[in-house]
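Walk through this protein with the structure open beside you.

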Amino acid sequence: MSEHIQATRDIVDGNLRYTSSGYWAEYLVVPHQYGSRPAAEKRRVRHDHEQLYKVLIPHNPVFCGTLSPETRQSITAKSYHGLSVRSVPDYARIHSERLQELTDDPFHWPKNRVLRIAVPLGRTRELAQRNRDKLLDQIPRSWRLVPAQPQDMEWLWTSAINRGVLLMPRPEQPSDIV
């Protein structure tokens, strides 16, 4: 079904997406930890958010949070904590059985929250490239915006079409490997 639905955009240069309204840059956001923190830390996190929004809001961004199923490889890497599968054969059997249970009932498959920001940058590619660099220079240093990779941008499009129908782990990212 989804192979017949054509995307209304092209990924043209790293994290730039071309749409009918112009060029947008997409970023993954590394969140600031907030829960179970002292009040002073929570105030700092609030301040960091206010500074980020001061930069972004004038650009009319789109904020997005998705739940992305973890890959089998990342689940396995986290489960073994660096141990060899051969060194814990009983655990390896239990782990394998649990992965099969999760495969049979994907509702319980582990997921990660992925936060994204998409920012319109201009009607021409050259203008968008210049504005992308200017925007990144304005982002407060307390934030880490990671340019979305083309395969991750494609995943967002495809998963939006198949939402709730298919279990679609994001492409393996270097940061996913433990």
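Over which residues does pLDDT stay under 50? The stretch is 174-178, and the model has 6 contacts beyond four places in sequence for it. Keep in mind that this is a predicted model. Mean pLDDT for the protein is 82, with 84% of residues at 70 or more. Among the places to check, helix α5 (residues 150-161) has the lowest confidence, at a mean of 76. Confidence is highest in α4, at 94.

Now turn to the largest nonpolar core. It holds 16 residues. Those touching the most other members are Leu 56, Ile 117, Val 119, Leu 121, Leu 135, Ile 139 and Leu 145. At least two core residues come from each of β3 (22-30), α1 (39-56), β5 (111-122) and α4 (125-138). The largest share is that of β3, with 4 residues. In soluble globular proteins, nonpolar side chains tend to be buried together.

Pick out Ile 117. Beyond its neighbours within four places in sequence, Ile 117 contacts Ala 25, Glu 26, Tyr 27, Val 29, Leu 56, Pro 61, Val 62, Phe 63 and Leu 145.

Next comes helix α3, residues 89-104. Its 16 residues reach 23 Å from first C-alpha to last, close to the 22 Å expected at 1.5 Å a residue. Ala 92, His 95, Leu 99 and Leu 102 are buried in α3. They lie on the same side of α3 because they cover an arc of only 85° around the axis. Helix α2 (72-80) is part of what covers them. The face turned away from that buried side carries the exposed residues Pro 89, Asp 90 and Asp 104.

Methods: Residues numbered from 1 in each chain as written. Predicted model: local features only at pLDDT ≥ 70, side-chain atom pairs only at ≥ 80, totals over all residues. Heavy atoms only, no water. Expected span 1.5 Å × (residues − 1). Buried < 20%, exposed > 50% of the residue type's maximum accessible area, 1.4 Å probe, protein only. Arc of directions from axis to C-beta. Contact = heavy atoms within 4.5 Å. Core = buried A, V, L, I, M, F, W, Y, C linked by side-chain atoms within 4.5 Å. pLDDT = per-residue confidence, 0-100.
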